[in-house]
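This briefing goes with the sequence and structure shown below. Please keep both in view while reading.

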Amino acid sequence: MSDLLSSLQIGSGRRRIAGLIAVGVAVIVVAGIVFPDSIAGILLSIVTSKSALSSTLRLSVPIAFAALGGIFAEKSGIINIGIEGHLIIAAFVAIYGTNLTGSIWLGFVAGVLASTLLAGLFAVICIEFRADQIIAGLAVWLVALGLAPFLSTVIYGSVNVDGSGSFGRFTIPVLSEIPFFGALFSATFPVYLLFIAVALSWYVLNRTSFGRWVNASGENPEALATVGVSVRRVRYVSVLLSGVLAGMGGASFSIGLSQFVGNGQTMIGGRGFIAIVAYLFGNYNPVGAFFSTTLFAGLQALQIRLQSVPGYAVPDSLIQTIPYITVIVVLAFVGRTRIPSAAGEHYDSGED
């Protein structure tokens with residue numbers, strides 16, 4: 001009964017947030033139409049432009065892929081907060097692989113493989129050696145944060161390195177000329193791959209036996225083992241999938257920019273942590289996580305364009321706090337996001 005009441009409260013809270021957002025958007029739209037030269041008018045012209053949607057989709061790629069990976073891992077019971085590390089290592093290896101082979105496609109595959117290997121190591125540490133998942137995730141992030149710039153320095157003599165190629169844009173004639181939505185028909189390979197990944201992730205989690213096993217592994221692993229399914233194998237596959245998906249995000253990001261930047265927090269710059277916020281805000285639903293990601297990416301795209309508007313420049317550091325402010329708002333209105341019951345807990349069975 002308490003779970004039902006909690007679910008109703010969460011649903012009511014999400015509806016309140018959606019209502020507030022809808023009202024805010026409506027106010028901006030009306031004010032922008034009535035006063036086109038005001039800040040509301042400028043905002044309206046920016047957000048309704050095709051270039052704004054194009055930038056939002058491009059900026060969504062690394063975050064959304066990482067969010068999808070985090071969903072698979074956490075729904076199976078393994079909390080992977082080191083997803084930032086997967087993005088970092090994939091970003092560097094993708095550029096290195098591209099420069100080494102002269103092929104962006106081989107570089108992309110190399111980046112995905114590097115992230116997957118790192119995920120496999122994380123899985124072994126957490127599942128076989130029963131390490132604390134939060135500490136292990138932080139270790140993955142810190143190792144990647146130090147290793148990628150170190151390897152870049154050893155190989156190239158600098159923490160920053162340029163790539164030898166980038167993804168081209170696939171454009172569908174006529175459809176790409178449609179105002180605003182035309183950006184959907186003129187995008188790079190990673191954007192289209194992301195659309196496919198979101199749809200497949202939703203289908204796998206909601207319409208396949210494996211998806212039911214993943215959910216059971218994170219909610220009630222004992223029941224899953226009772227019907228003869230190996231909890232350990234389900235968790236291994238789920239964590240490896242998180243590495244594959246995050247690797248796609250990191251490799252897409254660096255090859256898309258044709259460079260790896262290893263200064264500070266590297267070019268990834270906290271996108272892995274924003275991905276965690278995105279899938280929590282999306283309530284572990286791939287589609288919800290994708291739309292949450294587009295919200296954060298849209299704010300970043302808006303900020304970039306506002307920098308060029310005289311008198312309305314907004315500090316980048318201020319916009320970067322929006323995702324975290326959003327979390328506070330969600331907690332205030334929703335109360336909490338329900339995580340899988342067995343997330344973070346080790347499961348041990350002599351028969352598993």
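The model is predicted: local features need pLDDT of at least 70, side-chain atom pairs count only at pLDDT 80 or more, and totals for chains, interfaces and linings use all residues. Residues are numbered from 1 along each chain as its sequence is written, and side-chain values use heavy atoms, with hydrogens and water left out.

**Overall make-up**

- The protein has 14 helices and four strands; helices (H or I, at least four residues) and strands (E, at least two) are DSSP runs, numbered from the N terminus.
- Of its 352 residues, 48% count as buried. Buried means under 20% relative accessible area, exposed means over 50%, and partly exposed lies in between (1.4 Å probe, protein chains only).
- Among contacts with a separation of 6 or more, 75% are between residues 24 or more positions apart; a contact means heavy atoms within 4.5 Å.

**Nonpolar core**

- The largest nonpolar core holds 77 residues, and Phe65, Phe108, Leu194 and Phe260 touch the most other members. H3 gives the most to this core, with 11 residues.
- A nonpolar core is a set of buried Ala, Val, Leu, Ile, Met, Phe, Trp, Tyr and Cys residues joined through side-chain atoms within 4.5 Å.
- Leaving aside neighbours within four places in sequence, Leu194 is in contact with Ser60, Val61, Ala64, Phe65, Leu68 and Phe290.

**Packing of H4 and H5**

- Two packed helices are described by the angle between their axes and the distance between the axes.
- H4 and helix H5 (residues 104-128) pack at an angle of about 145°, with axes 7 Å apart. Axes are lines fitted to C-alpha atoms, for helices over the stretch in contact, and angles run from 0 to 180 degrees between N-to-C directions.
- The crossing of H4 and H5 is right-handed; a crossing is right-handed if the near helix is turned clockwise from the far one by less than a right angle, and left-handed if anticlockwise.
- On the H4 side, the residues that meet H5 include Gly85, His86, Ile89, Ala90 and Val93. Their partners in H5 include Ile104, Leu106, Gly107, Ala110 and Gly111.

- Asn80 lies in the loop between helix H3 (50-75) and helix H4 (83-101). Asn80 is buried, at a relative accessible area of 1%.
- The side chains of Asn80 and His86 make a polar contact at 3.2 Å. A polar contact is a pair of N or O atoms within 3.5 Å; within protein, one must be able to donate a hydrogen and the other to accept it, and residues adjacent in sequence count only if both atoms are side-chain atoms.
- Not counting residues up to four places away in sequence, Asn80 touches Ala73, His86, Phe122 and Ser242.

- In helix H8 (residues 209-219), the buried residues are Phe210, Gly211, Val214, Ser217 and Gly218. They are on the same side of H8, because they cover an arc of only 120° around the axis. The arc is that of the directions from the helix axis to the C-beta atoms.
- These buried residues of H8 pack against H3, helix H7 (189-207), helix H9 (221-226) and helix H10 (231-257).
- Val204 lies in H7 and is partly exposed, with a relative accessible area of 24%. Not counting residues up to four places away in sequence, Val204 touches Phe72, Phe210 and Gly211.
- Val204 and Val214 are 10 residues apart along the chain, and their C-alpha atoms are separated by 9.7 Å.

**H11**

- Nine of the 11 residues of H11 are buried, so this helix is largely enclosed by the rest of the structure. Among them are Arg271, Ile274, Val277, Tyr279 and Phe281.

**Positive phi**

- Most residues other than glycine have a negative phi.
- Val174, which is not a glycine, has a positive phi of about 70°. Val174 sits in the loop between strand E2 (169-171) and strand E3 (186-188) and is exposed, with a relative accessible area of 68%.
- Thr266 has a positive phi near 65°. Thr266 is in the loop between strand E4 (259-261) and helix H11 (271-281) and counts as buried, at 7% relative accessibility.
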